[in-house]
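This report is meant to be read with the sequence and the 3D view at hand. Please look over both before going on.

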Amino acid sequence: MAQTSNDIKNGSVINLDGKLWTVIKFQHVKPGKGPAFVRTTIKDVLSGKIVDRTFNAGMKMEFETVDNRTMQYSYRDGDSFVFMDMNTYDQVNIPASLIGDQENYLLEGTDCIISFHDGNPLSVELPASVVLTVTETEPGVQGNRSNAGTKPATVETGAEIQVPLFVGQGEKVKVDTRDGSYLGREN
């Protein structure tokens with residue numbers, strides 16, 4: 001549906017040159033001299049690239065509808081991941097390319113937010129942190145060390161993260177899904 005740049009709000013999805021962009025931040029500006037304009041910070045829905053863009057006030061724009069649904073990860077099937085809508089019990093195959101490095105923190109039963117446009121999946125957003133079990137790590141040795149008291153540990157998904165020396169094998173740790181950093185132990 002065609003609207004104008006005056007209708008821009010945070011979270012709006014606009015179609016620019018065939019790409020979908022989400023509005024992160026916007027500001028309507030009416031300078032004392034010259035025409036009004038809308039200053040925005042927008043994010044490419046597919047690549048995640050963030051850019052600043054300015055539009056003339058009243059400029060015609062194409063707004064798109066994006067459906068965000070909470071779905072639960074079920075299992076991996078070849079080159080795709082299967083998610084289930086817990087309301088309708090429909091299963092959706094999401095290509096591995098859409099998951100990317102997030103698969104290192106994806107456990108069965110994890111609830112994720114999946115964005116759809118015209119029935120096609122656009123992006124998968126994991127929770128900010130997940131609890132994973134350490135499957136392999138060496139015992140921490142006190143003494144000469146060049147790093148700040150951390151050691152590598154492999155978690156149940158196969159990802160390798162850095163944990164403090166006191167964390168042992170079989171312990172549950174909280175991991176940030178955005179950068180893979182250790183956040184603490186879980187009981």
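Predicted model: local features only at pLDDT ≥ 70, side-chain atom pairs only at ≥ 80, totals over all residues.

Residues are numbered from 1 along each chain as its sequence is written, and side-chain values use heavy atoms, with hydrogens and water left out.

**Overall form**

The protein has one helix and 16 strands; helices (H or I, at least four residues) and strands (E, at least two) are DSSP runs, numbered from the N terminus. Its radius of gyration is 22 Å, well over the 16 Å that the globule rule gives for 187 residues, so the protein is more spread out than a compact globule. That radius is taken over C-alpha atoms, and the globule rule is 2.2 Å times the number of residues to the power 0.38. Along the principal axes, the C-alpha trace spans about 65 × 45 × 25 Å.

Of the 187 residues, 35% are buried. Buried means under 20% relative accessible area, exposed means over 50%, and partly exposed is in between (1.4 Å probe, protein chains only). The accessible surface of the protein comes to about 11,200 Å², and 46% of this belongs to carbon and sulfur atoms; the areas come from the Shrake-Rupley method with a 1.4 Å probe, and for residues only the protein chains shown count as cover.

Among contacts (heavy atoms within 4.5 Å) with a separation of 6 or more, 44% are between residues 24 or more positions apart.

**Salt bridges**

Side chains of opposite charge can pair when their charged atoms come close. The structure holds six salt bridges, each being a side-chain nitrogen of Lys or Arg within 4 Å of a carboxyl oxygen of Asp or Glu. The table lists some of them.

| Pair | N to O distance |
|---|---|
| Asp-67 and Arg-69 | 3.3 Å |
| Arg-185 and Glu-171 | 2.9 Å |
| Arg-178 and Asp-176 | 3.0 Å |

What does the pair Arg-185 and Glu-171 tie together? Arg-185 lies in strand β16 (residues 182-186) and Glu-171 in the loop between β14 (160-164) and β15 (172-176), so the pair joins parts that are 14 residues apart in sequence. Arg-185 is partly exposed at 47% relative accessibility, and Glu-171 is partly exposed at 23%.

Asp-67 is partly exposed at 38%, and Arg-69 is partly exposed at 26%. Asp-67 and Arg-69 also belong to a network of salt bridges that includes Asp-85.

**Loop residues**

Most residues other than glycine have a negative phi. Asp-17 has a positive phi of about 50° although it is not a glycine. Asp-17 lies in the loop between β2 (13-16) and β3 and is exposed, at 74% relative accessible area. Asp-118, also not a glycine, has a positive phi of about 55°. Asp-118 is in the loop between β10 (111-117) and β11 (120-125) and is exposed at 67%.

Ala-36 is found in the loop between β3 (19-29) and β4 (37-44) and is partly exposed, at 24%. Leaving aside neighbours within four places in sequence, Ala-36 is in contact with Val-29, Lys-30, Pro-31, Asn-56 and Ala-57.
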